[in-house]
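Colleague: I'd like to learn how to read a fold from its coordinates. Could we go through one together?

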Amino acid sequence: MQLFDTHAHVNFNAYKDDGEEVLRRCLANGMSVVNVGSQFSTSKRAVEYAHLFDDNAYAAVGIHPVHLKKGSFTHHDPGELTEEEIPTTGEKFEYEKYLKLAKDEKVVAIGEIGLDYHHFEEGDDIEFLKNLQKETLLEFIRLANDVQKPVMLHCWDGYDDLLEILEKYPVDKKGIVHSFIGSYKTANKFIQLGYMIGMNGIVTYGDSYDRLIKEIELKDIVIETDCPYLTPRPLERGIRNEPLFVKEVAQKIADVKGISIEEVAQITSQNAKRILILSS
Ligand SMILES: [Zn+2]
């Protein structure tokens, strides 16, 4: 069974002791994985990791919108019991720096980039931060079009603004709306624009997303872990997520759609290869 984790963070500190081993383990199982950067340092590490392996390990490079603000934000992982204070660096987009990474043959997408209106905290200048997020997103869209690669989009509480931007400033190669948590109606608007919907452990936490899974066709879905976060059920709460666990996301989609996990694995892997412009 061929599984494709389209959004992982084995390049993050949670794997500083065993990242290479975690990647080796999933690749040995015939998987493919995209490690996604959230700032320059983790983007660079994602590219370095991808080069450790011949095939099936890829990278995406970008700045997560929460990292545009300097300070920290409180991360509550729906799959975990605890809250975590994550420091943010106040990064700025620098074209030449990111162009160099973006051109790398192992880089299959520009991201994660996007809009996050969920993690604003008291005292934040919200209008300023929203504008900064939008402007940075536009810079990255320009970069994606310059290198003719798709985008890996993060969006929390900002789907309407994101849709407006993608309509006005189209990405030539489209991309993935990762960790999608909107309605199927919103999902359809992205699908009409040519985007794939990324599903992860969140869809395994109860039945809130069963309708979304049912309403969207398999040809428009890719799967991901977003590890180390969002460990899918029925795995134990609190354990560190890893790319191999993406099969639980595939299983959930198979159960809800009433099809086999093999079919889900095969079609979502094909979808990933198509949108990320990889030969199969
Ligand atoms: Zn992520």
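Predicted model: local features only at pLDDT ≥ 70, side-chain atom pairs only at ≥ 80, totals over all residues.

Colleague: Where does Tyr195 lie, and which residues does it touch?

Modeller: Tyr195 sits in the loop between α6 (184-192) and β9. Leaving out residues up to four places away in sequence, Tyr195 touches Lys174, Gly175, Ile176, Val177 and Phe190. For a sense of distance, Tyr195 and Gln39 are 156 residues apart in sequence, and 23 Å separates their C-alpha atoms.

Colleague: Val177 is on that list. Which residue stands opposite Val177 in β9?

Modeller: The general idea is that strands of a sheet pair through backbone hydrogen bonds, either parallel or antiparallel. Here, Val177 stands opposite Ile197 in β9. The strands β8 (residues 175-177) and β9 (residues 196-199) run parallel, joined by 2 bridges.

Colleague: What is the order of the strands in the open sheet?

Modeller: The order is β1-β2-β3-β6-β7-β8-β9-β10, an open sheet of 8 strands with parallel pairing. At its edges stand β1 and β10 (221-223), each with a single partner strand, so one side of each has no neighbour in the sheet. From one strand to the next, the twist averages 25 degrees.

Colleague: Which strands does helix α8 touch?

Modeller: Helix α8 (residues 246-257) packs on the sheet and touches β1, β9 and β10. The direction of α8 makes about 145 degrees with that of β10.

Colleague: Let's move to β2. Are its residues buried or exposed?

Modeller: In strand β2 (residues 32-36), 5 of the 5 residues are buried, so the strand is largely enclosed by the rest of the structure.

Colleague: And how do I read the two faces?

Modeller: In a regular strand the side chains alternate between the two faces of the sheet.

Colleague: Which strands pair with β2?

Modeller: On the one hand, strand β1 (residues 4-8) pairs with β2 in the parallel sense over 3 bridges, and Ala8 stands opposite Asn35. On the other, 4 bridges join β2 to strand β3 (residues 57-61), again running parallel; Val36 has Ala60 in β3 as its bridge partner.

Colleague: Phe40 is found in helix α2. Why does Phe40 count as buried?

Modeller: Phe40 has 20 C-beta neighbours inside 10 Å, and the cut-off for buried is 20 or more, so Phe40 counts as buried. Beyond its neighbours within four places in sequence, Phe40 is in contact with Glu91 and Lys97. Phe40 and Glu94 are 54 residues apart in sequence, yet 9.6 Å apart in space, C-alpha to C-alpha.

Colleague: How about the chain as a whole?

Modeller: Its secondary structure comes to 9 helices and 10 strands. The radius of gyration is 17 Å, close to the 19 Å from the globule rule for 280 residues, so the chain is as compact as a globular protein of that length. Buried residues make up 48% of the 280. Among contacts between residues at least 6 apart in sequence, 70% join residues at least 24 apart.

Conventions:
Residues numbered from 1 in each chain as written. Buried ≥ 20, exposed ≤ 12 C-beta atoms within 10 Å, placed from the backbone. Pairing = 2+ DSSP bridges. Rg over C-alpha atoms; globule rule 2.2 N^0.38 Å. Contact = placed C-beta atoms within 7 Å. Axes fitted to C-alpha atoms, helices over the stretch in contact; angles between N-to-C directions.
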